[in-house]
Amino acid sequence: MRVMKIFACMNCDYHSVTSKYTCPKCQQGKLQETEVSPKGTVYSFTDIHVAPAEFAHIAPYTVALIQLDEAPVKVTARMDSEVTIGDAVELKGLEEGAFIYTKAN
Amino acid sequence: MTNVYVHGVGMTQFGTFVDRTMKDLLLDACIQALNEAGNPKVDAVYVGNFMGGSIYNQEILGAIVANELGLGFIPTAKVEGACASGGIAVRQGVLGIQSGEYETVLVAGVEKMKHASTADVTQAINAAMDNDSNEKRAGLTFPGFFGVLANRYFYETGASKKHLAMVALKNRENAMQNPLAQFRKPATLEEIMEARMITNPLGLFDCSPMTDGAAAIVLSSKKSPVHVRSSAQSSGPTQMQDADDLLSIPAIKESGRLAYEKAGVGPEDIDVVEIHDCFSMTEMLAIEELGFFAKREGWKAIEEGRTKVIGDKPVNTSGGLLSRGHPIGATGISQLYQLVHQLRGTAPNQVEGNPRLALAQNLGGTGSYSVVHILERV
């Protein structure tokens, strides 16, 4: 995937990876869908050792909060390997509605 | 506005009670609270509960309480607000009295968790996340959220895993003096730091346990020595990726701000605190959000021992969720149980100097709900 869909307020500087009925920041504007590069940097992360039943078969796995390079938006994703804060990462694909990221070369 | 007072509190032992039913625990706490209140006529019942339906196949808890206790055909309801269910139930009672509709309300909270497997309970708790989201599908969990938060907190401050362990150790030491607490065995800082990892950097002692238990409180517009000085509630982002600042939980901050404003007091006036330490990291953040310590400096207060029973801002003298235990629906009410005893001078880990103002903060979801109550000795 070469693009990440994000939502930007038409009235203020609010951006989010999730759509909202009304902008939660200015509570006036509507959000408009735009596309940016999914490339980003690891803002923070954790390694999940104890998982709920539906994810137990892949534990331990790493979940990261990724700051996108091209927009003031953070995205929660599953990593395909361990990471640390500041690592450059890119989108590898979608898996059952989850963004799967990998370390950038 | 009508004033609301506390007339009685009750609480079961927290722990593993596979042989006791949910009804048995719930009624036990209610009867204790009603007895203490002198068995008044009750006008309504609210019950805080989160997963009675999903893992115990039991709802209609409000009607069960009214029926089993013979309270008459009074209005009742179950209140669900994830881990803030108990606190929100109390607030519904307060609002019912303030509106003039009721004079006396019984509020109880209960949860049965220990009969189910950890994987099934974790799955049921995940109902308090926004499940229709890429975040949930990525495999994020509650301890996962606070693990992500802790790693960033470490990165931006001088805090480390040792500071999380100091929170867990303090709360364990407090629980050791609380006969109703789930975990009363001593622990060491080393043991806490070396415990098995749950969600890096959070280990076993950094996470609140699964617990069976119940708590109850009787509220009334009739005067008593414990006044509910204010009740406030807020919501916040239901997804981690929607947080404006990962190291802030707006629901905690806003519910605190509203509670102080309504009470006409500030964080500096509060003598004793029960905070929702679902994880050690949460306590570190909540003491900042509630204004007790500066942003990004909660870890320093912990290092200096300022939140211990003998510190200048005692936090979780009951042992907190981490060691008193966290029977989800009962938690918010068990916080008030401890604070009422602190104001009466009868608490385990009694704070010296006759505390007058006490604050309880109860959190639901990853910052989805927060409720703050300020109690006053009058």
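1. **A salt bridge to start with.** The side chains of B:Asp312 and B:Arg306 form a salt bridge, with N and O 2.9 Å apart. This is a predicted model, so read each distance here as computed. B:Asp312 is partly exposed, since its relative accessibility is 47%. B:Arg306 also counts as partly exposed, at 31%.

2. **A network.** Some salt bridges share partners. In this way B:Arg152, B:Glu156, B:Asp245 and B:Arg296 are joined into one network. Over all chains, the structure holds 28 salt bridges.

3. **H1 to H14.** B:Glu36 and B:Arg344 meet through their side chains in a salt bridge, 2.7 Å from N to O. B:Glu36 sits in helix H1 of chain B and B:Arg344 in helix H14 of chain B, so the pair ties together parts 308 residues apart in sequence. How accessible is B:Glu36? B:Glu36 has a relative accessibility of 37%, so it counts as partly exposed. B:Arg344 is partly exposed too, with a relative accessible area of 35%.

4. **H8 to H11.** B:Lys170 pairs with B:Glu283 in a salt bridge, and their closest N and O atoms are 2.8 Å apart. The pair links distant parts of the chain. B:Lys170 belongs to helix H8 (residues 161-175) of chain B, B:Glu283 to helix H11 (residues 280-289) of chain B, and the two are 113 residues apart. The cut-off for buried is under 20%.

5. **Another look at H14.** B:His341 lies in helix H14 (residues 328-344) of chain B. At 13% relative accessibility, below the 20% limit, B:His341 is therefore buried. Its side chain makes a polar contact with the side chain of B:Thr346, at 2.7 Å. Which residues does B:His341 touch, leaving aside those up to four places away in sequence? They are B:Val9, B:Thr346, B:Ala347 and B:Gln350.

6. **Another look at H1.** B:Lys23 is found in helix H1 (residues 22-36) of chain B. B:Lys23 is partly exposed, because its relative accessible area is 36%. Leaving aside residues up to four places away in sequence, B:Lys23 touches B:Ile64 and B:Glu68. B:Lys23 and B:Val65 are 42 residues apart in sequence, and their C-alpha atoms are 8.1 Å apart in space.

7. **The largest nonpolar core.** This core has 77 residues. Which of them touch the most other members? They are B:Phe146, B:Tyr153, B:Ile270, B:Met281, B:Phe292, B:Leu359 and B:Ile374. H7(B) gives the largest share of this core, eight residues. Look at B:Phe292 in particular. Not counting residues up to four places away in sequence, B:Phe292 touches B:Tyr260, B:Pro267, B:Ile270, B:Val273, B:Ile275, B:Ile287, B:Lys313 and B:Leu359.

8. **A second core.** There is also a separate core of 37 residues. Its members include B:Ala44, B:Val94, B:Val107 and B:Ile333.

9. **Extent of the A–B contact.** Chain B brings 32 residues to the contact and chain A brings 31 residues. The size of an interface is often stated as the accessible area lost when the parts come together. Here the area buried between chain B and chain A is about 2,600 Å². Carbon and sulfur atoms give 56% of that area.

10. **Pairs across the A–B contact.** How many salt bridges run between chain B and chain A? The count is two. In one of them, B:Lys136 pairs with A:Glu54, with the closest N and O atoms 2.9 Å apart. Polar contacts also cross the interface of chain B and chain A, in 20 residue pairs where both residues have pLDDT 80 or more.

11. **The chain B side.** Four elements of chain B each give two or more residues to the side that touches chain A: helix H5 (118-125), helix H6 (134-137), helix H7 (142-156) and strand S5 (197-199). H7(B) gives the most, with seven residues. By class, this side of chain B has 10 nonpolar, 13 polar and nine charged residues.

How values were computed
Residues are numbered from 1 along each chain as its sequence is written. Chains are lettered from A and ligands numbered from 1 in the order in which they are written. This is a predicted model: local features need pLDDT of at least 70, side-chain atom pairs count only at pLDDT 80 or more; totals for chains, interfaces and linings use all residues. Side-chain values use heavy atoms; hydrogens and water are left out. Contact means heavy atoms within 4.5 Å. Buried area is the accessible area (1.4 Å probe) that two parts lose on being put together, summed over both. A salt bridge is a side-chain nitrogen of Lys or Arg within 4 Å of a carboxyl oxygen of Asp or Glu. A polar contact is a pair of N or O atoms within 3.5 Å; within protein, one must be able to donate a hydrogen and the other to accept it, and residues adjacent in sequence count only if both atoms are side-chain atoms. Ala, Val, Leu, Ile, Met, Phe, Trp, Tyr, Cys and Pro count as nonpolar, Asp, Glu, Lys and Arg as charged, and the others, Gly among them, as polar. A nonpolar core is a set of buried Ala, Val, Leu, Ile, Met, Phe, Trp, Tyr and Cys residues joined through side-chain atoms within 4.5 Å. Buried means under 20% relative accessible area, exposed over 50%, partly exposed in between (1.4 Å probe, protein chains only).
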